[in-house]
Amino acid sequence: MTRAAAAMSHAFVVIEFKGVTKRYGRKVAVAEVTFSVRPGKVTGFLGPNGAGKSTSLRVLLGLDHATSGTALIDGKRYRDLRYPLRTVGALLDGAQPAPDRRGVDHLIWIARSNRIPRSRVGEVLDAVGLTDAAKQRVSKYSLGMRQRLGIAAALLGDPAVLILDEPVNGLDPDGIRWIRNFLRDYATQGRTVLLSSHLMTEMAGTADDVVVIANGRIVADGSLPEITRGHASLEAAFFALTGEQKQVWA
């Protein structure tokens, strides 16, 4: 498929959070979270530790149920998608494959479960630079290699939507540059990218739009220039918006 054809086939898939509230007992993790993620853009999702980023993503991906409100992908709940990996590719921080499984076998298993052609396994291994390590067991992978394997799994279905939580974790400088360029190129094909990260400098060089969450509520939602207007940097805007007084990311 050409890039132009891919852009047309993946156009207009929007992520929508509509008044999402999630309670764990008496604790309110997120409250009335409402924002949209547009196709053709990389949207950065920022917030201090414990602000509600992971909870929001888990609700979106059907791993947690919202107490109220809805989180939709292309107008549907994740669980209602017929073949989820063909619409959404996701990497959540902390998700790890079985350590005794070879990297290629991990991807083959995922592909079979979603009726994805086996040919895609070789394609995504090549895309993330793991072809030579494909037959190694995951237990032998470095943190950066495991991260690349997770990104490969997210790409298996050639999805219209990518949802990545801390994707540069463990990557070396070359890997960070690769993921930055890859995500921007992916978005220019008309696809939708939602990116959660603590690396402000990297986010400033990657994101088109920014959503900031603090204490479980959305405190800012706009283009990168809108969010940073009147501030020296995205980091300065982040501190001003969240009231944080110290650095909370690695």
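A charge sits over a ring if NZ of Lys or CZ of Arg is within 6 Å of the ring centre and within 35 degrees of the ring normal. Keep that in mind for the opening stop. This is a predicted model.

**Stop 1: charges over rings**

Select K22 and Y24. The charged end of K22 sits over the ring of Y24. Its distance from the ring centre is 5.0 Å.

Now select R191 and Y186. Here the charged end of R191 sits over the ring of Y186, 4.3 Å from the centre.

**Stop 2: aromatic rings**

A pair of aromatic rings is described by the distance of the centres and the angle of the planes. How many aromatic pairs are there? The count comes to five.

Select F17 and F35, which form a stacked aromatic pair. Colour the strands next. F17 belongs to strand β1, residues 15-24, and F35 to strand β2, residues 27-37. The two residues are 18 apart, so the pair links distant parts of the chain.

Are F17 and F35 buried or exposed? Both F17 and F35 are buried. Together, F17, F35 and F45 make one aromatic cluster.

**Stop 3: salt bridges**

How many salt bridges does the structure hold? It holds nine. Visit some of them now.

Select D64 and R58. Their side chains meet in a salt bridge, 3.2 Å from N to O. D64 has a relative accessible area of 15%, so D64 counts as buried. R58 has 33%, so R58 is partly exposed.

Move to R102 and D105. These two form a salt bridge, with the closest N and O atoms 2.8 Å apart. R102 is partly exposed because its relative accessible area is 28%. D105 is also partly exposed, at 28% relative accessibility.

**Stop 4: a bridge between helices**

Finish with E202 and R180. They form a salt bridge, and the closest N and O atoms are 2.8 Å apart. Which helices hold these residues? E202 lies in helix α8, residues 200-204, and R180 lies in helix α7, residues 173-188. The pair therefore ties together parts that are 22 residues apart in sequence.

E202 counts as buried because its relative accessibility is 14%. The cut-off for buried is under 20%. R180 has a relative accessible area of 26%, so R180 is partly exposed.

Note on methods: Residues numbered from 1 in each chain as written. Predicted model: local features only at pLDDT ≥ 70, side-chain atom pairs only at ≥ 80, totals over all residues. Heavy atoms only, no water. Phe/Tyr/Trp six-rings, centres within 6.5 Å; stacked < 30°, edge-to-face > 60°. Helix = DSSP H or I, 4+ residues; strand = E, 2+ residues; numbered from the N terminus. Buried < 20%, exposed > 50% of the residue type's maximum accessible area, 1.4 Å probe, protein only. Salt bridge = Lys/Arg side-chain N within 4 Å of Asp/Glu carboxyl O.
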